[in-house]
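This report describes a single-chain model. It begins with one annotated segment and then turns to the chain as a whole, the sheet and a few individual residues.

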Amino acid sequence: MAAAEENTSLFLIFILTMIALPLVPYTIMRLCRAASEKAKTIHCRCSGCHRSGKYRKSIYKRISNFSTCSNLTIVLLWIVMIFLVYYIKHLSREVQVFEPFSILGLESGASESEIKKSYRRLSIQYHPDKNPDPEAHKYFVEYISKAYQALTDPISRENYEKYGHPDGRQGLQMGIALPKFLLNIDGASGGIMLLGIVGFCILLPLMIAVIYLSRSSKYTGNYVMHQTLSTYYYFMKPSLAPSKVMDVFIKAAEYMEMPVRRSDDEPLQKLFVAVRSELNLDLKNIKTEQAKFWKQHPSLVKMELLIQAHLTRESFALTPALLKDYRHMLELAPRLLEELVKIAVLPRNPHGFGWLRPATGVIELSQNIIQKIRAFQELCDMTLEDRATLLIQVAGLSEEQAHDVELVLEMIPSIEVDIKCETEGEDGIQEGDVVTMYAWVSLQRRNGLTAALPHCPNFPFHKEENFWLLLADAASNDVWLSQKVSFMDEATAITAASKAIQETQEALGAGAKDIGIAVREAVDKVKKGSRLVMGKFQAPAEGTHNLTSFCLCDAWIGCDTKTSFKLKVLKRSRAGTRGHVPEEGPVAAAEDGIEEEEEEEEEEYDDYESEYSDDEEDEKNKGKGKGKVANGAAHQGADSDIDSGSDE
């Protein structure tokens, strides 16, 4: 009995140890991280965003934020640990070592007269003739009588004093860290136990894995269905106009699976009348166009009308059922648009370039869905006094509304791009070389924040700012390089920049001191609001290529910047090849591969200009958007051209 209880206690101690080893340090790490995090308000504080309620931390939202899988798992494991500690402590009290002196209430080495005196005293208290309690009888027989016998018998006492046990030297005892019920298996109970172990440890995890894989096989890592990506890939065209991007966007499988109810017909008809002017219908053949529109798949009709209702602020007239579908549509929109951008810049042509025109159109659609407000660029350029006069006296806004405008202006990001292209370890760029692009994207706001959530009072969900850096040839509609930039996670950006700078310096053969200095400079830049973007592309054919780097925000309208520079690629004259392109030709010395720009000229981007662009603004800023180019490097400030920054 005691051995079985001891084995059970060992098993519980083993389980407690296995839980505590990872749980205690992980909990300490989480608490330290939570204590070190600064509680900053990174969302817009205007009254419009406040009334939306998505940033309001109610009790339910606080509980929801805490009730994550990791937090609940930590709490549950700590409860299990506390229960195990209590239960093990209770078992240790039951399994006691036989101590005759302690049982009789004596000190070790007491005389025989003291032993007899203590025995008579305890007999009066626990003897069955004096105390009818069964527990007292059991304690008297199993403990008091045995202790008295062990101390009064000369041999037993000698054994106890020598070996710590009345029976003499004891053999080595070993316990098994298994629960008691597993050690007492016989016959049918053993078969049932075996079936239970097989079912719980093998079949149940296997069934869960099969169900999970069958469901997750339809989705990518960004929780977008594979069917959606196939559809986007099929309908994406290099000449896709921004006005036609929505036609591709609404063909997502997630939207096609949304139900179309008969009760939706009448509300959708009313919604069609309200947003008809935004549907790009031919007014000369309006009846034919309307009939053609309603002949589309019902899900396409429904999604397009719901998106137009959001863009035109007509969502207040939706029925509860349509309002639920409307919110679900907006919840899926950010990640679907992100995947659509990736499809647009996916290498398609033989040179491995993506398409610029559809990429800018998708980002403009994202800006309108998230924000859909007129750019504040002119207001940002005004002084505080002139802006207050314009808003209060001319526009007729109240002081509270003017204050809201100031809060929004403080949140608007100002982007600056410092970019250069070079071949590592060589002086110039030749055909087939692997060219590395180094770009520092810096963000500044008037309120001093780096990571922030955009002003979007009409978008009912949290949306983080994302910036897309596109290195493109606007004249040929080719995207040479693309990468998404985020300013939300500073720790990750520091790690990535440090690793990239260290690897680059090591490849160039720099010493440890120079590497340390370069890494520290990169870390300081990241902490001041910059992000390092690196990418590699293969140098094209010989010639001078007019390139433009676009930094486009998917949430703010009017914050996009572009930098223009020239990249000169020389004919292959070096021995061997670099990169992955085989090259044939004579061996010669390397020449300078980047030509300094001699005069400033506007890029021929009109052929691929968005319908949302402001031509008057382009004319006004013509000649201002050029970066300084020297040795393949270009610098772009806040006064750069804004191509996709105005309303429709």
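## Annotated segments

In residues 12-32 the end C-alpha atoms are 30 Å apart, and the span is 100% helix and 0% strand. Helices here are DSSP runs of H or I with at least four residues, strands are runs of E with at least two, and both are numbered from the N terminus. The unreviewed UniProt entry lists residues 12-32, 66-88 and 192-213 under "transmembrane region". UniProt positions follow the numbering used here, feature names are shortened, and such annotations may be inferred rather than shown by experiment.

## Basis and confidence

The model is predicted: local features need pLDDT of at least 70, side-chain atom pairs count only at pLDDT 80 or more, and totals for chains, interfaces and linings use all residues. Residues are numbered from 1 along each chain as its sequence is written, and side-chain values use heavy atoms, with hydrogens and water left out.

The mean pLDDT of the chain (the predictor's confidence in each residue, from 0 to 100) is 78, and 77% of the residues reach 70 or more. Over residues 576-633 pLDDT stays under 50, and the model has 126 contacts beyond four places in sequence for this stretch. A contact means heavy atoms within 4.5 Å. Residues 635-648 also stay under 50 in pLDDT, with 63 contacts beyond four places in sequence. Where pLDDT is low, the predicted coordinates should not be read in detail.

## Chain totals

The secondary structure comes to 24 helices and ten strands. Of the 648 residues, 41% count as buried; buried means under 20% relative accessible area, exposed means over 50%, and partly exposed lies in between, using a 1.4 Å probe and protein chains only. The accessible surface of the chain is about 37000 Å², and carbon and sulfur atoms account for 55% of it. Areas come from the Shrake-Rupley method with a 1.4 Å probe, and for residues only the protein chains shown count as cover. Among contacts between residues at least 6 apart in sequence, 73% join residues at least 24 apart.

Strands of a sheet pair through backbone hydrogen bonds, either parallel or antiparallel. In this model five strands form an open sheet in the order β1-β5-β4-β7-β8, with antiparallel pairing. Its edge strands are β1 (354-355) and β8, each of which pairs on one side only. Two strands count as paired if DSSP finds at least two bridges between them.

| Strand pair | Sense | Bridges |
|---|---|---|
| β4 (467-473) and β5 (478-485) | antiparallel | seven bridges |
| β4 and β7 | antiparallel | six bridges |
| β7 (543-553) and β8 | antiparallel | nine bridges |

W468 has K484 in β5 as its bridge partner, while L469 is bridged to C551 in β7.

In β7, eight of the eleven residues are buried; in β8 (residues 561-569), seven of the nine are. Helix α17 (residues 320-344) lies across β1, β4 and β5 and runs at about 20° to β4. For such angles, axes are lines fitted to C-alpha atoms, for helices over the stretch in contact, and values run from 0 to 180 degrees between N-to-C directions.

## Individual residues

Which residues have a positive phi without being glycine? Y223 has a phi of about 60°, and N477 has one near 65°. Y223 is found in the loop between α10 (187-216) and α11 (226-235), whereas N477 is in the loop between β4 and β5. Y223 is exposed, with a relative accessible area of 60%. N477 is buried, with a relative accessible area of 5%.

L271 is found in helix α14 (residues 265-275). L271 counts as buried because its relative accessibility is 5%. Beyond its neighbours within four places in sequence, L271 is in contact with L305, L306, A309, E314 and L318. L271 and E314 are 43 residues apart along the chain, yet their C-alpha atoms are separated by 7.8 Å.
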